Amino acid sequence: MMDMQIEISIGKIRKEFPVELARVESVEAAEVLRVKYLGRKAGLVTNLMGELGGLSVEERKKWGPASNDLKRFIENALAEKERALESQSFEKDLARERADVTAPPLPPSPVGHRHPESMVREDLEDLFASMGFLVLDGPEIESDYYNFEAVNIPADHPARDMQDTFYLSAKDGSASGGKGSNRWLMRTHTSSVQVRAMKIHGAPLRAIVPGRVFRNEATDARHEHTFSQLEGVVIDRNITIAHLKGVIETVARHLYGGKTEVRLRPKFYPFVEPGVNGEVSCFLCSGKGCRVCKGAGWLEVFGAGMVHPNVLRAGSVDPKKYQGFAFGFGLTRLVMLKYGIEDVRLLQGGDMRFLSQF
């Protein structure tokens, strides 16, 4: 009786399997069919071979090879089917990805370029590097100490009124980091790196510090809450204001032409003594007066002076042995003057119609 059941099962599988295999159209469906017939737990062929244990020795010799042949037949048929399906899938993918070399090319995407502010900054960095200056960087989130106190602007100094800034607050709304010199803020000038540079590099020192600064003020055509500066500092023995003027003239003539003149007028800055206001002859009208210089013939482009002894001391430099000068360009203003830009807000507006001109 068992012998007859096995014969019927083998015949039924050999008849039904090819029909089901012909309906398979994906690798996933082929795997489902494989589990149905060859699965370890409930596969039809697996169960059939398990029943051979109940046969006599003579019957096992008869149906054992037949069962193995059936298993190999199904395995080979499934493997061939899977190879055919994978080949078809690859050909379909290849057809989708094939490029038509006879088609006209797509128009090229617009290529970006440097921002005008970046171009002027990099140009000045190269110039100062050629004169032996270090190009330094510093944190935009600065402590009250380095931003104000270390550069001779104590808490009660009126100069702080000209540099209203953004103070950072802790999650509970209290002053971040504590009070006084421990408070944190968005730096108002790159002069905050002066004392840091002296402490790290000592004296003598020649360095510039380009970077973004922040002021809490209303924006208009000439004012922006975020803009760029370029700070410079020189510390050495026997430095005089003549050295300062020489460096400034080199920069002005590099930017605006060899005939550009520089004049210095006294002005108070808390971190220098004496302090000067630096002006260059108007590069558009050659000092005759025009709309850019407002008829004066001169353009105010920088503040400068001899480094105050208190700043040298804050940087651990002995003011009796060393002297120095510092200067600060409004890098954003230099860009506006160089390219004739009348509204500072255009520089950070992200308008491609404006930026693509440069």
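Colleague: How do the axes of α5 and α10 cross, and at what angle?
Modeller: This is a predicted model, just so you know. In it, the axes of α5 and α10 come within 9 Å and cross at roughly 105 degrees.
Colleague: What does that make the two helices, α5 and α10, relative to each other?
Modeller: Roughly perpendicular, since angles of 65 to 115 degrees count that way. That is why α5 and α10 are described as roughly perpendicular to each other.
Colleague: Which residues in α5 and α10 meet?
Modeller: On the α5 side there are Pro116, Glu117, Met119, Val120, Arg121 and Leu124. They meet Leu331, Thr332, Leu334, Val335, Lys338 and Tyr339 in α10. Sorted by class, this contact has eight nonpolar, one polar and three charged residues.
Colleague: Which element gives the most to the lining of the second largest pocket?
Modeller: That's α5, with four residues. The elements that each supply at least two lining residues are α5 (116–130), β4 (205–214), β5 (226–236) and α10 (331–339).
Colleague: And by class, what is in the lining of the second largest pocket?
Modeller: Four nonpolar, seven polar and four charged residues.
Colleague: Let's do the sheet. What order do the seven strands have?
Modeller: The order is β1-β4-β5-β9-β8-β7-β6, in an open sheet with mixed pairing. At the edges stand β1 (134–135) and β6 (262–266). Each has a single partner strand, so one side of each is left without a neighbour in the sheet.
Colleague: Remind me, what does pairing involve for strands in general?
Modeller: Strands of a sheet pair through backbone hydrogen bonds, and they can be parallel or antiparallel.
Colleague: How many bridges join β5 to β9, and which way do they run?
Modeller: Seven bridges, and β5 and β9 (residues 323–329) run antiparallel. As an example, Asp236 has Gln323 in β9 as its bridge partner.
Colleague: Which strands does helix α8 touch where it packs on the sheet?
Modeller: Helix α8 (residues 241–256) touches β6, β7 (272–281), β8 (298–307) and β9. The direction of α8 makes about 30 degrees with that of β9. Our friend α10 packs on the sheet as well, touching β5, β8 and β9, with its direction at about 110 degrees to that of β5.
Colleague: Last one: what phi does Asn152 have?
Modeller: A positive one, about 70 degrees, although Asn152 is not a glycine. You'll find Asn152 in the loop between α6 (144–147) and β3 (184–186).
Colleague: Great, thanks!

Methods:
Residues are numbered from 1 along each chain as its sequence is written. This is a predicted model: local features need pLDDT of at least 70, side-chain atom pairs count only at pLDDT 80 or more; totals for chains, interfaces and linings use all residues. Side-chain values use heavy atoms; hydrogens and water are left out. Ala, Val, Leu, Ile, Met, Phe, Trp, Tyr, Cys and Pro count as nonpolar, Asp, Glu, Lys and Arg as charged, and the others, Gly among them, as polar. Axes are lines fitted to C-alpha atoms, for helices over the stretch in contact, and angles run from 0 to 180 degrees between N-to-C directions. Angles under 35 degrees count as roughly parallel, over 145 as roughly antiparallel, 65 to 115 as roughly perpendicular and the rest as oblique. Contact means heavy atoms within 4.5 Å. Two strands pair if DSSP finds at least two bridges between them.
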